Amino acid sequence: MKPRRSNLSVPGHMKKMHDKASVSPADVIMLDLEDSVPVDEKTNARAQVIDSLLNLDWSQKTVTVRINALDTPFAYRDLLEVAEQASHIIDAIVIPKVNHPGDIYFADRMLDGIELNRPMPSPLGIEASIETAEGLLRAAEITKASPRVRTLVFGIADYSASIGARLVSISGHGEKEEELYPGHRWHFAISSMVMHAKAHGVLAIDAPYGNFKDTDGLRRSAIMASALGCDGKWAIHPSQIDTINEVFTPSAAEIALAAKVIEANAKAKAEGKGAIAVEGRMVDQATVRLATNLWNQAKYLHLV
């Protein structure tokens, strides 16, 4: 898959933001029909998103659309209209607050019908937002529910509410956590989501960081997410994109080490050897896979 380091959320009813987003440095642009759109703007937002998809140049971006939750009166129209009119532009539909594999079954079958009626070069993907205790508990079932599932996304604010956690920031999106908890308060939840995602070959994306003026806090949050195995992080403001991209971009030292591992592995295979050594240390096949993934990302980003 293309790198998804930075995932910029853009309100669906704000056309001027769509224009700017299409030329931003974000890897992924997510046009949002859910939380950022007032209830009385839902229908207008849907029409605006479709118009922007069809009339702006998204060729350099991975583009997704977040529909409303499936327990609302808006979701089925979001899914139907966006997929029917613009599935050739977007890469995936983002489904919020996924609590049960049935949510994925529903979207999958509906997309099957749409694609039978309007054949596409490739099936539309699904990104499932894990935002509740129930969703995290069923993450494995959710991930396996359809081959369309490409990504799991952690929703920190709703997850916090679902478990009755203390509110320590205005946005509920990760600021000031160190004032309440000595360590990473969401280590288990994110690690669990990452485990389920990677066990089934899909990506894992971290929640946004709410205080877009706090660059240092954003960097710390992104570094921890990367260390836990996340492939990227949502952004709620364009000013966050560069920091997120920097954190999730392989460094020159990492690329050089990956090259050594890949070269040593190729040499060992050519010589019929099972053991691989790099800089005096033994290397297993899991490390080779990590090195290969990092090298492929570096190639896509034109770093090698």
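This text walks through the predicted model from its overall dimensions to a few individual residues.

The model is predicted, and local features need pLDDT of at least 70, side-chain atom pairs count only at pLDDT 80 or more, while totals for chains, interfaces and linings use all residues. Residues are numbered from 1 along each chain as its sequence is written, and side-chain values use heavy atoms, with hydrogens and water left out.

The chain holds 12 helices and 10 strands; helices (H or I, at least four residues) and strands (E, at least two) are DSSP runs, numbered from the N terminus. Along its principal axes, the C-alpha trace spans about 65 × 50 × 35 Å. The radius of gyration of the chain is 20 Å, which agrees with the value near 19 Å that a compact globule of 304 residues would have. That radius is taken over C-alpha atoms, and the globule rule is 2.2 Å times the number of residues to the power 0.38. Of the 304 residues, 49% are buried. Here buried means under 20% relative accessible area, exposed over 50%, and partly exposed in between (1.4 Å probe, protein chains only). Among contacts (heavy atoms within 4.5 Å) between residues at least 6 apart in sequence, 72% join residues at least 24 apart.

Strand 8 covers residues 232-235, with Gly 232 and Trp 234 pointing one way, Lys 233 and Ala 235 the other way, and all of them buried. Two strands count as paired if DSSP finds at least two bridges between them. Strand 1 (residues 6-11) runs parallel to strand 8 and is joined to it by 3 bridges; Leu 8 stands opposite Ala 235. Strand 7 (residues 203-206) is also parallel to strand 8, with 2 bridges, and Asp 206 stands opposite Lys 233. From strand 7 the chain crosses through helix 9 (residues 215-227) to strand 8 in a right-handed β-α-β crossover. Right-handed means that, with the strands pointing away from the viewer, the path from the first strand over the helix to the second runs clockwise.

Helix 10 (residues 241-248) is mostly covered, with 6 of its 8 residues buried. These are Ile 241, Thr 243, Ile 244, Asn 245, Val 247 and Phe 248. They pack against strand 1, strand 8, helix 9 and helix 12 (285-300).

The next topic is aromatic rings. A search of the whole structure finds 2 aromatic pairs. Rings of Phe, Tyr and Trp (its six-membered ring) pair if their centres lie within 6.5 Å; planes under 30 degrees apart count as stacked, over 60 as edge-to-face and the rest as tilted. Phe 154 and Tyr 159 form a tilted pair, 5.5 Å centre to centre with 55 degrees between the planes. Phe 154 counts as buried because its relative accessibility is 1%, and Tyr 159 is buried at 8%. Tyr 159 also forms an edge-to-face pair with Trp 186, at 5.9 Å and 85 degrees. This pair links distant parts of the chain: Tyr 159 is in helix 7 (residues 156-163) and Trp 186 in the loop between helix 7 and helix 8 (187-199), 27 residues apart. Phe 154, Tyr 159 and Trp 186 form one aromatic cluster.

Two backbone angles remain. Most residues other than glycine have a negative phi. Lys 97, however, has a positive phi of about 50 degrees. Lys 97 lies in the loop between strand 4 (92-95) and helix 4 (101-117), and is partly exposed at 25% relative accessibility. His 302 has a positive phi near 60 degrees. His 302 is in the segment after helix 12 and is exposed, with a relative accessible area of 70%.
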